[in-house]
Structure formats: structure tokens, C-alpha cells
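Reader: I have a structure open and have not worked with it before. Can you take me through it?

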Amino acid sequence: MSAYKNPEVSSPTSGPTRRSILKAFAVGGALMVIVELAAGASKTATNAQDQVLNAIVRVGADDVVTLVMPRVEMGQGTYTSLPLLIAEELEIDPAWVRLEHAPADDKLYANPSLGIQATGGSTSVSSAWIPMRQAGAAARIMLIQAAAKAWGVEPSACRAENGSVVHAATGRRLSYGKLAVQAAAVPVPAEIALKPVNTFRRIGGDQLRLDAAGKVNGTAQFGIDVILPGMLVAAVAASPVAGGKVRSVDAAAALRVRGVQQVVQLDDVVGIVAKHMGAARKGLAAANVQWDDGSAAGYSSERMIAELEQASRRDGATARSEGNVATARAAGARSFDVVYQQPLLAHATMEPMNCTAHVRPDGCELWLGTQVPTRAQATAAEVTGLPIEKVTVHNQLLGGGFGRRLDVDYVTQAVRVAQKVKAPLKVVWTREEDMQHDTYRPYHYNRLSATLDATGHPTAWHHRVTGSSVLARWAPAAYKDDIDGDAIRDAAGPYAFPNVLVQYVRQDPPQGLNTGWWRGVGHMQNGFPVECFLDELAHASGRDPIEYRKPLLDKHPRAKRVLDLLADKVQWSRPLPKGHGRGIALTFAFGTYAAQVTEVAVDPDGTVRPLRIVTVVDCGVVVSPKSVVAQVQGGSIFGLSAVLFGNISIKNGRVEQSNFHDYRVLRINETPVIETHIVPSIDTPGGIGEVATVLVTPSVLNAVFAATGKRVRRLPFEPNELRTA
């Protein structure tokens with residue numbers, strides 16, 4: 001990675017106003033600052049309000065600065081990046097910021113980009129960029145004013161420095177803790193000037209992960225680590241076929257297993273409650289659960305694909321129409337029609353789904369790692385019939401999210417089982433149960449066509465996306481006019497085609513076989529067909545694929561700069577050995593411009609070996625360069641696993657895969673060299689956690705084509721397709 005430093009330029013110190021800060025007050029000797037911001041950016045919110053409170057910063061009399069963290073940490077570095085924003089403006093070491101998981105509360109902690117309290121969509125830093133800094137800056141200003149009043153001097157004669165206010169002329173110093181109560185009595189400043197970018201001392205620096213120590217020494221607590229007095233543990237089995245029901249359970253056999261305390265049988269799930277997980281699993285095996293599979297018993301991947309293929313022949317709903325594709329096609333020199341397909345995928349989080357629930361007549365408490373605390377709270381209230389304020393969510397660190405923990409099906413099930421148990425109950429899905437009942441990335445069937453003029457320039461682009469709608473299930477109010485706004489996202493990339501038509505056809509699998517958000521969301525699903533098809537067009541025109549893209553990016557000069565730097569770093573024109581190939585992919589996703597080149601070797605037996613991945617990103621002002629690099633690396637490996645091995649197949653209504661032996665992830669010895677280069681920028685921060693995942697599938701498959709001359713349009717691909725021996 002190249003050394004990164006935020007550019008030395010004058011900062012557009014955004015215009016925070018008094019309206020942005022709701023209030024500051026003293027509680028128990030602490031200064032509390034509550035930040036308010038508009039939630040109007042949301043397009044998916046179902047309960048967005050005109051104004052929501054967003055973050056609370058407390059400065060205690062003991063000098064401890066506490067941030068009530070509205071986002072969750074699932075490996076992406078949020079618990080480092082957001083404290084950095086506070087610390088920069090408050091002039092303290094980020095390591096001094098103590099974090100508390102925020103309770104479930106959409107009003108107080110909604111993500112302004114999503115409209116509800118949620119962590120996802122690579123929005124954690126971008127949505128916090130202004131409000132978190134406002135919170136820190138407001139506290140700093142009020143502390144300075146309190147100190148100036150105590151000393152009888154002008155605030156302009158004082159400065160904040162390492163957790164204290166200093167009077168420059170005399171060197172007098174008061175710690176924040178000693179000023180907290182007095183500061184709370186200071187009126188909230190009418191205008192708050194944020195620090196200029198060129199004065200940052202912590203943002204953009206070489207900050208280590210603040211959550212690393214606990215994860216290394218084992219003190220970090222994830223949902224699966226929760227232990228409560230009197231707690232029991234349950235292993236569960238749900239119907240392996242969507243819509244199936246329990247036919248029989250040998251409860252007596254299960255209860256004969258030492259440690260098993262109770263057998264809970266519901267219509268579609270069986271829970272074996274025991275003193276520990278080992279006994280619960282042995283009891284579940286002894287229970288020999290039999291199922292009535294129901295109407296989906298005969299469902300298969302072949303049937304799903306056939307239904308998608310048939311549905312894809314319909315026109316569907318028009319999501320975007322510019323110019324006249326039909327006219328351009330008739331006038332063009334050449335037209336191309338292709339189909340790209342990509343399979344169902346599981347999330348396979350390292351920490352399987354789990355939820356500890358204690359259901360009492362007067363209330364319910366949940367301990368779990370979730371990306372959506374208020375959805376977890378709401379589902380528990382619905383299941384139990386309790387008022388929502390009687391449900392408390394104790395959020396924990398997440399052992400991987402990738403979108404899986406945006407769903408709460410595992411919470412619903414845990415509460416249903418826990419209702420039958422008079423003790424706190426930790427419900428843990430085995431890896432096999434998790435793989436069987438995931439909310440899978442949708443299978444998308446993509447029909448694309450393009451028309452070129454005599455010079456090879458594309459004059460028309462038509463992309464019809466056919467697949468299930470996650471949005472219709474997850475946020476039905478946002479599914480409008482038969483269009484899933486996420487499914488058709490970037491269906492023409494960032495490119496300026498003169499004539500564009502994007503259509504969507506909804507085709508869902510059987511009820512109960514749910515599809516869900518997956519890392520990269522719609523950007524990832526459409527990045528593959530768009531970037532690979534564009535590569536096809538470049539090849540058909542005899543043009544270099546990087547140069548072919550540039551005339552289509554005149555509205556995106558940042559994208560062109562990313563491409564230029566990438567070509568330089570990767571030595572794009574450098575010849576490669578026979579059997580090796582180099583592939584390019586570009587995206588503008590989550591407010592970030594990024595491009596990637598992957599170099600692969602394709603062995604004679606068809607094995608694809610990624611050798612090197614080079615990624616260039618322009619994600620605006622960088623808060624934590626180490627975090628950007630880590631997320632590009634993680635996203636690349638996540639995406640590589642998907643393109644090389646990923647597939648969830650269905651036979652007789654059942655998912656065929658069960659664990660990492662048949663749902664592979666990339667191993668260390670298979671991981672290529674990964675380089676990340678960051679373009680210095682003063683633009684508002686964009687997201688980074690999912691960008692590399694968007695890029696890696698098309699960059700790998702374009703590299704495969706460069707190495708073999710064979711175009712892969714359907715995933716998963718078989719090595720035999722690429723065999724040359």
C-alpha cells in the first residue's frame with residue numbers, strides 16, 4: 001500500500017447550525033451532547049421521521065469520554081473510525097473514548113442514510129462524518145467556554161489540548177472532567193465550525209484498531225459468548241424444506257441424554273434445551289426429528305433456473321429509459337445479446353446465528369449481535385405480545401455480518417422456543433443449520449444487449465434483471481411500481497450510454513426460501529454482468545478495455561483518475577506468460593470510485609489461480625487508511641471465495657451444502673497478493689466495506705478470458721469449461 005495522507009487543502013467546513021445540535025445537559029456530573037440530524041436521505045425507511053436524534057457523547061467528571069455507539073462492529077472497523085471523528089474535534093486520543101452499544105431506539109439512533117437504526121450499506125462512516133464531528137466540536141467549544149468563564153478570560157485565549165482546556169497566556173489547565181458540569185450550563189453554540197481538513201491530527205493517521213486487543217486476548221464479547229446466571233442452551237432444527245412441519249420427535253430418547261432438560265416442539269422447529277451445547281446437540285440427534293416437507297418438497301435449482309429463464313422473457317417493469325434503444329439498435333453496426341447468471345449464495349458468517357432470550361410475563365430481554373436492534377426488538381414484541389418498550393436488546397459484537405444479521409428470523413425462532421422455557425435460553429444454530437436456513441443472495445438471471453456503431457462505440461444498452469426481490473420482503477413500502485430499487489442498481493454502471501433501457505422482472509422462490517442482503521448488495525449483483533459484458537464489447541471492437549471505458553466516463557473524472565492510477569500501478573501493458581491473464585473492473589458504489597485489476601493463472605486442468613489483485617479507490621476523505629486497506633483486502637477475499645467456489649444448490653427442496661467442506665472459502669495459501677492504493681481526496685467520505693466485493697468477480701472473470709479466450713457467463717463455473725490439457 002502506498003502511504004496515505006489527507007491532502008493539505010482548505011476544508012469546506014460544512015455548515016453545521018444550531019438546528020443540528022438538539023441539546024446539551026448535565027447528568028450525574030457529566031456533560032451530555034445529543035446530536036440531531038435530518039433523516040431525509042433514506043429511500044428505504046418505513047418509519048423515517050423528519051428529525052431524529054443520532055448520537056450521544058458524554059464527558060464525565062472522571063475525564064472519561066463515552067460514545068453511545070449507534071452502529072455495530074462486525075469487523076469493518078467502525079469502533080475505531082467513529083471514535084476518531086469524536087476525538088479529532090474534541091482534541092483527545094481516540095483510545096480514550098469508551099464505547100457503549102446503543103440500545104434499540106430508532107428515534108435516538110437511526111442511521112440517516114437508512115432511516116432506521118441499522119448498520120449496513122457501507123454507510124457507517126459516511127453517515128457519521130458530520131454529526132459525530134459536530135458532537136465532538138460542540139463539546140469542545142462548551143468546555144472551552146466553561147474554562148474561560150472560570151478564569152475570567154476570553155474563550156479565544158484558550159485552546160483544547162489532550163483532554164484539557166489550556167489558557168495560553170498563563171499555562172493554566174483544567175481537565176475536561178473538572179469542567180463537565182459547568183460546560184453543561186453553557187448555551188449550545190449557535191454556529192459550530194468544524195476543524196479544517198488540513199488541521200487533522202488523528203483522522204487520516206496511522207491509527208491502530210481500538211477493538212483489536214480484546215479480540216486477540218479473548219475478552220471481547222460476541223453474542224455467542226453471552227453467559228447468564230441460570231442460563232440454558234438450546235440446539236434447534238427447523239424444517240429443512242421451506243413450509244415443512246414437524247411430523248415426529250422421539251422426546252424420550254432426547255431426554256435420556258445426560259444434561260438435556262427439556263424438549264420444545266413447535267410446528268416447524270424442535271429445540272432441545274440442555275445445560276450445555278454438547279448435550280443439546282446429542283439430544284437433538286437422539287430426537288430423530290422427522291418432517292412433513294410440504295409443497296416445496298420437489299423444488300430444485302434446475303426448476304428455479306427454468307422459472308427464472310422463462311420469467312426473463314417478459315418485458316417486466318421499466319426502471320430506467322433514456323433515448324430509444326430499439327431505434328439505436330436498428331441503426332447500429334453490430335448488436336450483441338448475452339445472458340449472465342449468478343447463483344444463490346450463503347453468508348457463512350464465522351459466528352453462526354445465535355440469540356439469548358429471557359422471556360418473562362412482564363418483559364423480554366435479548367442478547368445477540370444484530371445489525372438491526374429495533375427489528376430484533378419488534379419481532380420479540382410481536383412473538384410475545386409484549387409492548388415494545390418491555391423488550392430490551394443488549395447488542396454484542398458481531399462475528400461477521402455481510403448482511404445476514406439484517407434479518408431477524410433467528411431472533412423470532414429463539415423467542416418462540418424461549419417462551420417455553422423458564423430460564424434465560426441461548427439458542428445456537430449449528431453451521432449446518434445456518435447453511436440450511438440462511439437468507440441467500442438472490443439468483444439473478446441477466447439479459448443484456450448492446451449496440452455498437454461503426455467505430456465500436458456503444459450506442460445502446462439494455463439490461464433486464466430477473467430475480468427475487470429482497471426489498472419487497474424486507475421493506476415492502478420501498479418496493480414500488482414492481483421495481484426493486486436495489487436489484488436494478490448500477491444495471492448500466494456509471495457509464496453514459498446514449499440510449500439506455502433497464503428493466504426488472506420479479507421472480508421469487510417458494511415462500512420460506514428467503515433471499516436477503518449480501519455484501520455488495522445490488523452493486524455486486526450487477527457489477528459482474530455489466531463489467532464483463534463491457535469487456536466483451538471492448539474485445540469485439542479490438543480496443544483496450546481501460547481505454548474503451550474512458551469515453552463513457554466523461555461525467556466521472558474521478559473514475560478516470562482511478563483508472564489511470566490503476567493502469568500505472570499494475571503496469572497494465574506489461575506482457576504476461578502464457579496461461580496468465582489480467583482483468584479490469586470499475587465501479588462507483590456507496591459514494592466511492594474504485595477499480596481493480598486481477599491477474600490469474602489458468603492451469604491446463606482449468607484451475608483458476610488468482611495471483612495478484614491491485615485496487616485503487618477514491619473514497620473521499622479517508623478517516624482510517626488502515627481500515628480502508630483492511631476492508632479492501634477482506635472484501636476481495638470474500639468476493640474471491642464467491643467467484644471461485646460459491647454456490648447454494650437445492651435438491652428435493654433442501655439446500656445441498658452444509659458446511660465449509662462443500663461451501664468453500666478461500667484459504668490463506670490460496671490468497672493472492674493484494675495491493676491497495678488510495679487517491680487523496682477532499683470529497684465527503686464514501687463507503688468502502690463492500691466495494692472490493694463488487695469488483696472482484698468481474699475482474700477475475702475478465703482475467704480468465706484474457707488467459708484462455710473463454711468467456712464465463714454463468715456462475716459457478718466448472719474448471720472443465722476452462723480445461724486445455
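Reader: What should I do with low-pLDDT parts?

Author: Where pLDDT is low, the predicted coordinates should not be read in detail.

Reader: OK, helices. At what angle do H1 and H3 pack?

Author: About 35°, with the axes 7 Å apart. H3 spans residues 124–151, and H1 spans residues 78–90. Their crossing is right-handed.

Reader: Which residues of H1 and H3 meet?

Author: On the H1 side they include Leu82, Leu85, Ile86 and Glu89, and on the H3 side Ala128, Trp129, Met132 and Arg133 are among them. By class, the contact has twelve nonpolar, four polar and three charged residues.

Reader: Stay with Leu85. Is it buried or exposed?

Author: Leu85 is buried, because its relative accessibility is 0% and buried means under 20%.

Reader: What does Leu85 touch, apart from its neighbours in sequence?

Author: Ala128, Trp129, Met132, Arg133, Ile203 and Val623, leaving aside neighbours within four places. Met132 is 47 residues from Leu85 along the chain, yet their C-alpha atoms are separated by 5.9 Å.

Reader: Now the other pair. How do H10 and H11 cross?

Author: The axes of H10 (residues 373–384) and H11 (residues 409–418) come within 9 Å and cross at roughly 35°. This crossing is right-handed. Ala376, Thr379, Ala380, Val383 and Thr384 in H10 meet Val411, Thr412, Val415 and Arg416 in H11. The classes there are five nonpolar, three polar and one charged.

Reader: Last one, Thr439. Where is its place?

Author: Thr439 is in the loop between helix H12 (431–436) and strand E20 (444–452).

Reader: Buried or exposed, then?

Author: Thr439 is buried, because its relative accessible area is 2%, against a cut-off of under 20%.

Reader: And which side chain does the Thr439 side chain join in a polar contact?

Author: That of Asp407, at 3.4 Å. Beyond neighbours within four places, the contacts of Thr439 also include His347, Arg404, Asp409, Arg473 and Asn514.

Methods. Residues are numbered from 1 along each chain as its sequence is written. This is a predicted model: local features need pLDDT of at least 70, side-chain atom pairs count only at pLDDT 80 or more; totals for chains, interfaces and linings use all residues. Side-chain values use heavy atoms; hydrogens and water are left out. Axes are lines fitted to C-alpha atoms, for helices over the stretch in contact, and angles run from 0 to 180 degrees between N-to-C directions. Helices (H or I, at least four residues) and strands (E, at least two) are DSSP runs, numbered from the N terminus. A crossing is left-handed if the near helix is turned anticlockwise from the far one by less than a right angle, and right-handed if clockwise. Contact means heavy atoms within 4.5 Å. Ala, Val, Leu, Ile, Met, Phe, Trp, Tyr, Cys and Pro count as nonpolar, Asp, Glu, Lys and Arg as charged, and the others, Gly among them, as polar. Buried means under 20% relative accessible area, exposed over 50%, partly exposed in between (1.4 Å probe, protein chains only). A polar contact is a pair of N or O atoms within 3.5 Å; within protein, one must be able to donate a hydrogen and the other to accept it, and residues adjacent in sequence count only if both atoms are side-chain atoms.
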